[in-house]
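Me: Please go through the strand pairing, helix packing and nonpolar cores of this model with me. Keep the answers brief.

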Number of protein chains: 2
Amino acid sequence: MSDGIVLLVGAGPGDPGLITVKGLEALRTAEVVVYDALANPRLLREARPDAELISVGKRGGCHTMKQEEINALLVAKGREGKRVCRLKGGDPFVFGRGGEEALALVEAGVPFEVVPGVTAGVAAPAYAGIPVTHRGLASSVAFVTGHEDPTKEASDIGGTSWRLASAR
Amino acid sequence: MSDGIVLLVGAGPGDPGLITVKGLEALRTAEVVVYDALANPRLLREARPDAELISVGKRGGCHTMKQEEINALLVAKGREGKRVCRLKGGDPFVFGRGGEEALALVEAGVPFEVVPGVTAGVAAPAYAGIPVTHRGLASSVAFVTGHEDPTKEASDIGGTSWRLASAR
């Protein structure tokens, strides 16, 4: 019935030149582009003129569409046989909730691929001249979300980051 | 005397499609390409036919050129007025020792730019379907080098990773 596929694409940290070659190709060939507010709007000019562009507008706590609705949208478009580019800021799997979208697609039997992106957690310090690791100074780096699931009973973060800090 | 510039470019985790658009542009316009073994050799076909290609062949413990020699090479080529692409596997600032190369260029007064890349630490698990963070399961992620400076008196890693593990 369907040749649909969903490509979960990391748009990078903001600079449109920091999308990958493969990610740009996915964007340029997609029939449907589902994008959030973190992706640079200039990138959308790369989409096909006849592509359907759908904003799901995630930015901080203010969501145009709930995650469950986004998952359902991706599944529906995939089942329609569409080639879908899910354009996400940064990397889809680093605090991008790409894992939840991937799971929903697996459960629905819709083919998908992940196109990793440049993580803002690395690129933002790099643009400021700060390497996140440096031989002799930092042998490890930790990325910790600032937006945990608010329905959680307890945070997973405090203990870990405290221990990380106290280990130095 | 010189319009030289050194672009510290992350080639991504191996798939040549995972270099960024900006990184590919840097590679295609460079007069000198200084690359290590971790960068995919197919990428080198993108270089100008007249570009000087210099392998500095880092792979694990076996280095063709010492880091200090690589730093000196980048400084020398920059001072010759060349447009240099320093092509590194993954991201130049995540265990790529890009920080040391950047410092050497700063000290020598040679202009440089950093073009971040997709980190192998994120992309390799992603290709295997493993998100490094997942809402409800993992709110943080740590990347820890497997190749610390062997001249260090003590490792910085053991304590940190033990504490990270024990925090879960």
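Me: How many bridges join strand E1 of chain B to strand E4 of chain B?
Reply: This is a predicted model. In it, E1(B) covers residues 5-10 and E4(B) covers residues 83-88. The two strands run parallel. Leu8(B) stands opposite Arg86(B) of E4(B). The bridges joining E1(B) to E4(B) number six.

Me: Which are the edge strands of the open sheet in chain B?
Reply: The sheet has five strands with parallel pairing, in the order E3-E2-E4-E1-E5. From one strand to the next, the twist averages 15°. An edge strand pairs on one side only. That picks out E3 (52-55) and E5 (112-115) of chain B.

Me: What angle does the direction of helix H1 of chain B make with that of E4(B)?
Reply: H1(B), residues 21-29, packs on the sheet. Its contacts there are E1, E2 (32-35), E4 and E5 of chain B. Its direction and that of E4(B) make about 130°.

Me: At what angle to E4(B) does helix H2 of chain B run?
Reply: H2(B) spans residues 67-79. It lies across E1, E2, E3 and E4 of chain B. Relative to E4(B), H2(B) runs at about 155°.

Me: Which elements give two or more residues to the largest nonpolar core?
Reply: This core has 19 residues. Val9(A), Ile19(A), Leu27(A), Val33(A), Leu43(A), Cys85(A) and Leu87(A) touch the most other members. The elements are E1 (5-10), H1 (21-29), E2 (32-35) and E4 (83-88), each of chain A.

Me: How many residues are in the other core that lies apart from it?
Reply: Its members include Leu18(A). Ile19(B), Leu27(B) and Leu43(B) are also among them. The count for this core is 18 residues.

Note on methods: Residues are numbered from 1 along each chain as its sequence is written. Chains are lettered from A and ligands numbered from 1 in the order in which they are written. This is a predicted model: local features need pLDDT of at least 70, side-chain atom pairs count only at pLDDT 80 or more; totals for chains, interfaces and linings use all residues. Side-chain values use heavy atoms; hydrogens and water are left out. A nonpolar core is a set of buried Ala, Val, Leu, Ile, Met, Phe, Trp, Tyr and Cys residues joined through side-chain atoms within 4.5 Å. Buried means under 20% relative accessible area, exposed over 50%, partly exposed in between (1.4 Å probe, protein chains only). Helices (H or I, at least four residues) and strands (E, at least two) are DSSP runs, numbered from the N terminus. Two strands pair if DSSP finds at least two bridges between them. Axes are lines fitted to C-alpha atoms, for helices over the stretch in contact, and angles run from 0 to 180 degrees between N-to-C directions. Contact means heavy atoms within 4.5 Å.
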